[in-house]
Amino acid sequence: MNRLLSYILSCLLVSSCTSHDELLDYALEQARSNRHEIEKVLTHYAGDTQKQEAARWLVANMPGHSVMWSEGVQAFADSVMHQGLSQERGNQLWDSLQKISATPQKQRDIETLSAEFLIDNIDKAFLAWSESPWKSEVDFDRFKKYVLPYRADNELLRIGWRDSLRATYAPVIRDAKTAREAFERLRKAVNSVKRKGKYDFPYVMDAVALRNHYSGVCLERCVYFTAVCRAFGLPVVIDNCGQWANYSNRSHTWVALVLDDGTYTVVDEDSVARKFNKIDASTFAQNQTMPEDYPYTGEFKKRLVKVWRQTFALNPIDDAPLFDDSSARLSSPRLVDVSAEYGLNGKVEIKPDCEIEDVWLCSHSLSGGWIPQAHAQVKMGKAKFEHISDSVMLLPMGIIEDVKTALGEPFYISNGRKIELNADTTKLVSATFTRKYPINAGWLNRYAQIPSTRLEGCNEPSFQHPDTLFTITEVPVFHNTALIDSPGRYRYIRVIADLPSYANMDRLDIYDKTGTLVASEKKRLLDLGTSKTISRIDYFPWNDGNFVVPGHDYELAYWHKDRWRAIGRQHSNDYSLTFDNIPSGALLILHDLTEGKEERPFTLNNGRQIWW
């Protein structure tokens, strides 16, 4: 939705007690040539007060909703719906459809949806609501907001989706008595048919088609699960984090059950819907025990600043100027701040030392800049922020003479206290670094299962009579050395393990008896060309590419006042770097100037990197 439309709709929404009628009039104007179809819906329910009110509410909130559509887009979704497609076949089909069909164009719901579609949606929503054992848990207002809507995001639409999904999942909740119980069962059932793989198809299919391809990005899974729940009268909505504040550049979405006493979610491997749950997919489960002296821990978890609810209804907007392109979502009439529903209770006041009207709290992005996560207006010299997450590094920023400007030092909230980072250039420390980005428990789980993996040598590619050159007995780190004392000569070297998936090596470096590197390849099986006596094998487990490596140039910088300031540059000759003259208490960042995009700010605690 463009900013002008957002502004017009928001003004209508809050302008007066007759704002709903004004929104409805505006929607009818926007329907243009489709107005007769929309009016047909309204007159259809003239004798039913409750359905008439629901229809008017639905139509009034339709402007701004749309989908990218073409005959090729529809043909792809139809193919998936009718037969399901493997990832390979689906990608082939979409590639061929792109070549013969027109470029997808935006279709606005208010201008294109038929009376038949809307009436079917309204009738089936009321039927599901009235027949559900949990109707007493869902009042009419909640029904309108979270059951009645025909879409969850910008997915394709298909008439009859509620009937189709009810037929599939009715046995799952046949004897469920409460909304929470039905929500929990449906989530489990939907997750049990989760498929791997993601089509190259860049749009979100309708829910009926998604039933044959329940996979892909989290938004697609959420659209499908939302549709399944609404088909049974469950008031659900998609919540999201906007963008993780300390990990990747991605957003994350999940489905929440909205009841009168709060928001319920089910996360990770839990099976119970709970209020004030931890944020879905924010943790990496560590299911393997690591050695006490292992240099890395699995403590890292993804954090957010705010939780946003994606609504079908229009909401009053925060009419703030644009900080940058990414800040537009903070003024979207389709997003509501529901951070309090998730127990986020941090508060902070920013007192700019200059004349300024707006303040943004920004987190650091992988692209190197600070991105806005929350906005507040300055009133009586203060910008007040509430319901902010703990333990997230934030920088207050504003726009001064059209320039994005820091309004203070970076800070985080801990146990209700604002902890500000001030680099002390009078107290310098030294530190050694092996990574530029946090490692998570997923990698550690993999590494913990590598011990017992063998490096074998043979002169036959079939490895019918191999010699074991080395058995890995310790949990490896990034760079590991195996000293080989076998006197034999071998042409073929391979990695083999009881759990083959954990035998993946990013690289093997093979050295002959003279210490000369004779092979360096990303394979499990290496052909040296001729038989050689092996003295050493350096092995590197599959990894995320964020370790310090020889041959790259690095720069360490610290944040001070308004920008990153370089501490020094080094050309790496090893798998670690030591920097001196580091200001204590500073927010730091390690740049790989040679390659690689993933890097995160960190602080130092007794020489250990604490990632933000």
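**Close-up views of a predicted model**

**View 1. At 77% relative accessibility, Asp402 is an exposed residue.** Exposed here stands for over 50% relative accessible area, buried for under 20% and partly exposed for what lies in between (1.4 Å probe, protein chains only). The structure is a predicted model, in which local features need pLDDT of at least 70, side-chain atom pairs count only at pLDDT 80 or more, and totals for chains, interfaces and linings use all residues. Residues are numbered from 1 along each chain as its sequence is written, and side-chain values use heavy atoms, with hydrogens and water left out. Look for Asp402 in the loop between strand E13 (395–400) and strand E14 (403–406). Helices (H or I, at least four residues) and strands (E, at least two) are DSSP runs, numbered from the N terminus. Asp402 is not a glycine, yet its phi is positive, at about 65°.

**View 2. Ala281 also has a positive phi, of about 65°, although it is not a glycine.** You will find Ala281 in the loop between strand E6 (274–275) and strand E7 (308–310). Is Ala281 buried or partly exposed? With a relative accessible area of 21%, Ala281 is partly exposed.

**View 3. Helix H3 (residues 35–44) and helix H4 (residues 49–60) have axes that come within 8 Å of each other.** Two packed helices are described by the angle between their axes and the distance between the axes. Here the axes cross at roughly 155°, which means that H3 is roughly antiparallel to H4. The axes are lines fitted to C-alpha atoms, for helices over the stretch in contact, and angles run from 0 to 180 degrees between N-to-C directions. Angles under 35 degrees count as roughly parallel, over 145 as roughly antiparallel, 65 to 115 as roughly perpendicular and the rest as oblique. Which residues of H3 and H4 meet? From H3 come Ile38, Val41 and Leu42, and from H4 come Gln52, Ala55, Arg56 and Val59, in contact through heavy atoms within 4.5 Å. By class, five of these residues are nonpolar, one is polar and one is charged. The classes are nonpolar (Ala, Val, Leu, Ile, Met, Phe, Trp, Tyr, Cys and Pro), charged (Asp, Glu, Lys and Arg) and polar (the others, Gly among them).

**View 4. Helix H2 (residues 19–31) and H3 have axes that cross at roughly 140°.** These axes come within 8 Å, and H2 and H3 are therefore oblique to each other. Leu24, Leu28, Glu29 and Ala31 of H2 meet Arg35, Ile38, Glu39 and Leu42 of H3. The contact of H2 with H3 has five nonpolar, no polar and three charged residues.

**View 5. How many aromatic pairs are there?** The count comes to 38 aromatic pairs. Rings of Phe, Tyr and Trp (its six-membered ring) pair if their centres lie within 6.5 Å; planes under 30 degrees apart are stacked, over 60 edge-to-face and the rest tilted. Trp94 and Tyr203 make an edge-to-face pair, with 6.3 Å centre to centre and 90° between the planes. This pair links distant parts of the chain, 109 residues apart: Trp94 sits in helix H6 (residues 87–100), and Tyr203 in the loop between helix H11 (179–192) and helix H12 (207–210). Trp94 is buried, with a relative accessible area of 6%, whereas Tyr203 is partly exposed, at 22%. Elsewhere, ring pairs link Tyr294, Tyr296, Phe478, Phe540, Phe547 and Tyr575 into a cluster.

**View 6. Arg536 lies over the face of Tyr511.** The distance of Arg536 from the ring centre is 4.1 Å. A charge sits over a ring if NZ of Lys or CZ of Arg is within 6 Å of the ring centre and within 35 degrees of the ring normal. Lys135 lies over the face of Trp129, at 4.6 Å from the ring centre.

**View 7. Helix H14 (residues 441–448) is mostly covered.** Six of the eight residues of H14 are buried: Ala441, Trp443, Leu444, Asn445, Tyr447 and Ala448. Strand E24 (525–541) is included in what covers these buried residues.

**View 8. Leu517 lies in strand E23 (residues 517–521).** Leu517 is partly exposed, with a relative accessible area of 43%. Leaving aside its neighbours within four places in sequence, Leu517 is in contact with Asp509, Ile510 and Tyr511. The C-alpha atoms of Leu517 and Ala376 are separated by 59 Å, and these residues are 141 apart along the chain.
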